[in-house]
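Please open the structure in a viewer and keep the sequence beside it.

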Amino acid sequence: METKVMKKFFGLADFVEEQEFLQKQHKAGWKLKTFKALKKYTFEKCEPVEYIYQLDFNEEGKYEEAYIQMFEDCGWEYIMKYQKWYYFRKAKCDVGENDNSIFSDAESKIDMCKKVYKTQGIAIFPLLAVISCWNVLIIPNIDNISIWLIIGGSLCIILIVFFFGMGIANFSKLNKMIKEIQNPLDTNEKK
């Protein structure tokens with residue numbers, strides 16, 4: 001079977017955009033086969049059919065078989081797991097939005113966003129620790145440090161600030177998603 005590999009980056013809070021990307025690929029005749037580190041998507045040639053892709057963030061992982069079976073019983077095809085993300089798909093229905101969503105209600109969507117939010121927060125704490133150590137231990141003693149250590153440390157700080165900025169952007173995006181789910185009428189009025 002013919003395959004293609006694509007590299008594409010999606011942040012932790014970009015799961016909606018990732019779902020849309022996968023749906024467009026399937027509609028163009030390429031269904032998701034696997035996803036690996038370094039943001040490499042492998043697609044397999046298929047009939048160009050409209051499919052809905054849904055990602056679910058499940059940090060528990062204890063009852064994985066029952067968890068996957070629950071979605072399969074609702075008509076979702078389990079594709080794969082990447083870290084704590086589970087990938088599902090099914091043919092698009094014309095019946096209603098709930099049939100095209102892995103979530104049965106707004107509360108379960110909010111719950112998933114909060115799980116992603118919490119994981120993002122845990123990822124930012126080590127960055128804060130490194131920045132604090134740099135400011136407390138290294139900068140006061142800068143006279144005793146070689147230029148290469150200063151350059152290397154500065155580059156590390158730039159990377160840390162970049163990732164910290166991405167984390168803040170993810171927090172902001174997740175907060176916006178939660179507010180839109182909680183108050184769908186506010187979102188529709190703005191459009």
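## Stop 1: a hairpin

Select strand β2 (residues 30–36) and strand β3 (residues 40–45), which run antiparallel and are joined by six bridges. Two strands count as paired if DSSP finds at least two bridges between them. Strands (E, at least two residues) and helices (H or I, at least four) are DSSP runs, numbered from the N terminus. The model is predicted: local features need pLDDT of at least 70 and side-chain atom pairs count only at pLDDT 80 or more, while totals for chains, interfaces and linings use all residues. Residues are numbered from 1 along each chain as its sequence is written, and side-chain values use heavy atoms, with hydrogens and water left out.

Next, display Lys 36 and its bridge partner in β3, Lys 40. Three residues lie between β2 and β3 in this hairpin, and Leu 38 in the turn has a positive phi of about 65 degrees.

Because Glu 44 belongs to strand β3 and Lys 31 to strand β2, the pair ties together parts that are 13 residues apart in sequence. A salt bridge is defined here as a side-chain nitrogen of Lys or Arg within 4 Å of a carboxyl oxygen of Asp or Glu. Glu 44 is buried, at 15% relative accessible area, whereas Lys 31 is partly exposed at 26%. Buried means under 20% relative accessible area, exposed over 50%, and partly exposed in between (1.4 Å probe, protein chains only).

## Stop 2: an open sheet

Which order do the strands take in the open sheet of three strands? Select them to see β4-β6-β5, with antiparallel pairing. β4 (51–57) and β5 (77–82) stand at the edges with a single partner strand each, so one side of each has no neighbour in the sheet. From one strand to the next, the twist averages 20 degrees; angles run from 0 to 180 degrees between N-to-C directions, with axes as lines fitted to C-alpha atoms, for helices over the stretch in contact.

Five bridges pair β5 with strand β6 (residues 85–91) in the antiparallel sense.

Now select Arg 89 and Glu 77, whose side chains meet in a salt bridge (3.1 Å, N to O). Arg 89 lies in strand β6 and Glu 77 in strand β5, so this pair connects parts twelve residues apart in sequence. Arg 89 is buried at 4% relative accessibility, while Glu 77 is partly exposed at 37%.

## Stop 3

Select Glu 50 and Lys 92, which meet in a salt bridge (3.4 Å, N to O). Glu 50 lies in the loop between β3 and β4, and Lys 92 in the loop between β6 and α3 (106–138), so the pair ties together parts that are 42 residues apart in sequence. Both residues are partly exposed: Glu 50 at 37% and Lys 92 at 41%. In total, eight salt bridges are counted.

## Stop 4: two cysteines

Select Cys 74, which is exposed at 52% relative accessibility, and then Cys 113, which is buried at 2%. The count of disulfides (pairs of cysteine sulfur atoms within 2.5 Å) comes to zero.
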